[in-house]
Structures are given as C-alpha cells and as structure tokens.
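Morning, everyone. Please bring the model up on your screens. I'll keep this short.

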Amino acid sequence: MEYAARNQALTGSMPRASIRATRSRFLWAPFALVLGGCPAAYIPSTEIPDSEENRDVISFCEQYRRAVEQRDVGALMSLASPRYFEDAGTPGGDDDYNLAGLRQLLAQFPDRVREARYDIRYRKIRRGSNAHVFVQFTYNASFQIVTAAGERWFRRVADNELELERVSNRWRIV
C-alpha cells in the first residue's frame, strides 16, 4: 500500500496534495459560476425560460389545450382573436378559413369527436411585433372520431406554432 493511502486509512486524514487540490477546486468554484454563467431557470416541463410573461403565455396555451381535450367549443371560440385566420400551411386558398369558418368547423366537433387527448411540449416563445408572440411546440394528439365505418382512433405527433396577439389585455389565437 502506498504511503499516502496507508496514512489516510490509518489516520482518516487526507494527504496534503489532496487537501491542496480540493482547496484549489473550492477557491475556483465561485469564479467558474460567474464566468460560466448560471443555468437558466425554465418553466417546469417546458423548454421555455421562466419569466412572468412566458408563464402568462403558457397558461393561456394550457387553457387552449384543456379546451381541446374537453371538446369545449365555447371556450375554444373565446380563445380566438377576431382576426383569426387559418391557412392550413398549404399554397391553395380552398382550405383557408377565418373566425366564422372556425365557428362552423367547431360546431361539428362535439358530435364527430368522442374523446380527445392533447399533450403539448412547449419548445420556444418568439416575440413578434405589435404584442404578438409565436409559441413553438410539439403536440401528441389522439382523437376518437365517428366515421361512416364506426368510431376510430386518430393519432398524430407533430410540431406546430401558435400565433398569439394581445386583445384587450388578453392573449388570443390569431
């Protein structure tokens, strides 16, 4: 057994070289924190930095998520901006609709969708101009839908983005 290890085993004390190395690490630790920066705090279960405004945005998005799961057409309509417009991400305009079209689409929701599960993983909040924010997220959606062949489960996992704007001091989906 080497002397330092035997001495530590017998006396319970650390060798001088280890004490110096430990003391050295201890003295440099505060500088490493300052130079390396502290890790950012995130809103739990998200990748979003924790701030009052970000919590407000995520809280609004959670209202939307719960309204989808509860198939609550009134709540979903109350979350939409008067300027709501959906272009479905396609180049043609035949599948685009505004707030009135959303109302027509959602009128079928309770009868056609028997059950909804809608999980969201929030990735990023990007600030736009004129009190607009863009919330990037990944969703995992499962819907039990009534079809001509009977009830079927439909599942989709995808990335999406909600554009929100402030209307009368409340967030709304554009």
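**Sheet, rings and charges**

Let's begin with F134, which belongs to strand 4, residues 132-147. One caution before we go on: this is a predicted model.

Is F134 buried or exposed? It is buried, because its relative accessible area is 16% and the cut-off for buried is under 20%.

What does F134 touch, once neighbours within four places in sequence are set aside? The contacts are K124, I125, R126, G128, E161, L162 and E163. Take R126 from that list. The charged end of R126 sits over the ring of F134, at 4.4 Å from the ring centre. Now look at E165. E165 and F134 are 31 residues apart along the chain, and their C-alpha atoms are separated by 8.9 Å.

There is another charge over a ring to look at. R166 lies over the face of W171, 4.3 Å from the centre of the ring.

How many strands form it, and in what order? Four strands make an open sheet, ordered 3-4-5-6, with antiparallel pairing. Which strands stand at the edges? Strand 3, residues 113-127, and strand 6, residues 170-173, do. Each has a single partner strand, so one side of each is left without a neighbour in the sheet. From one strand to the next, the twist averages 30°.

Look at the strand 6 end. Strand 5, residues 150-167, runs antiparallel to strand 6, and four bridges join the two. For a landmark, find L164: it stands opposite I173 in strand 6.

What packs on this sheet? Helix 3 does, residues 52-69. The helix touches strand 3, strand 4, strand 5 and strand 6. Its direction makes about 165° with that of strand 3.

Last topic: aromatics. How many aromatic pairs does a search of the whole structure find? Four. Here is one of them: F137 with Y139. That pair is tilted, with 6.3 Å from centre to centre and 50° between the planes. Both F137 and Y139 are buried. Which residues make up the aromatic cluster that includes F137 and Y139? Y64, Y118, F137 and Y139 form it.

To recap, briefly. F134 is buried in this predicted model, and the charged end of R126 sits over its ring. The sheet is open, in the order 3-4-5-6, and helix 3 packs on it. Thanks. Over to you for discussion.

Terms used
Residues numbered from 1 in each chain as written. Predicted model: local features only at pLDDT ≥ 70, side-chain atom pairs only at ≥ 80, totals over all residues. Heavy atoms only, no water. Buried < 20%, exposed > 50% of the residue type's maximum accessible area, 1.4 Å probe, protein only. Contact = heavy atoms within 4.5 Å. Phe/Tyr/Trp six-rings, centres within 6.5 Å; stacked < 30°, edge-to-face > 60°. Lys NZ or Arg CZ within 6 Å of the ring centre and 35° of its normal. Pairing = 2+ DSSP bridges. Axes fitted to C-alpha atoms, helices over the stretch in contact; angles between N-to-C directions.
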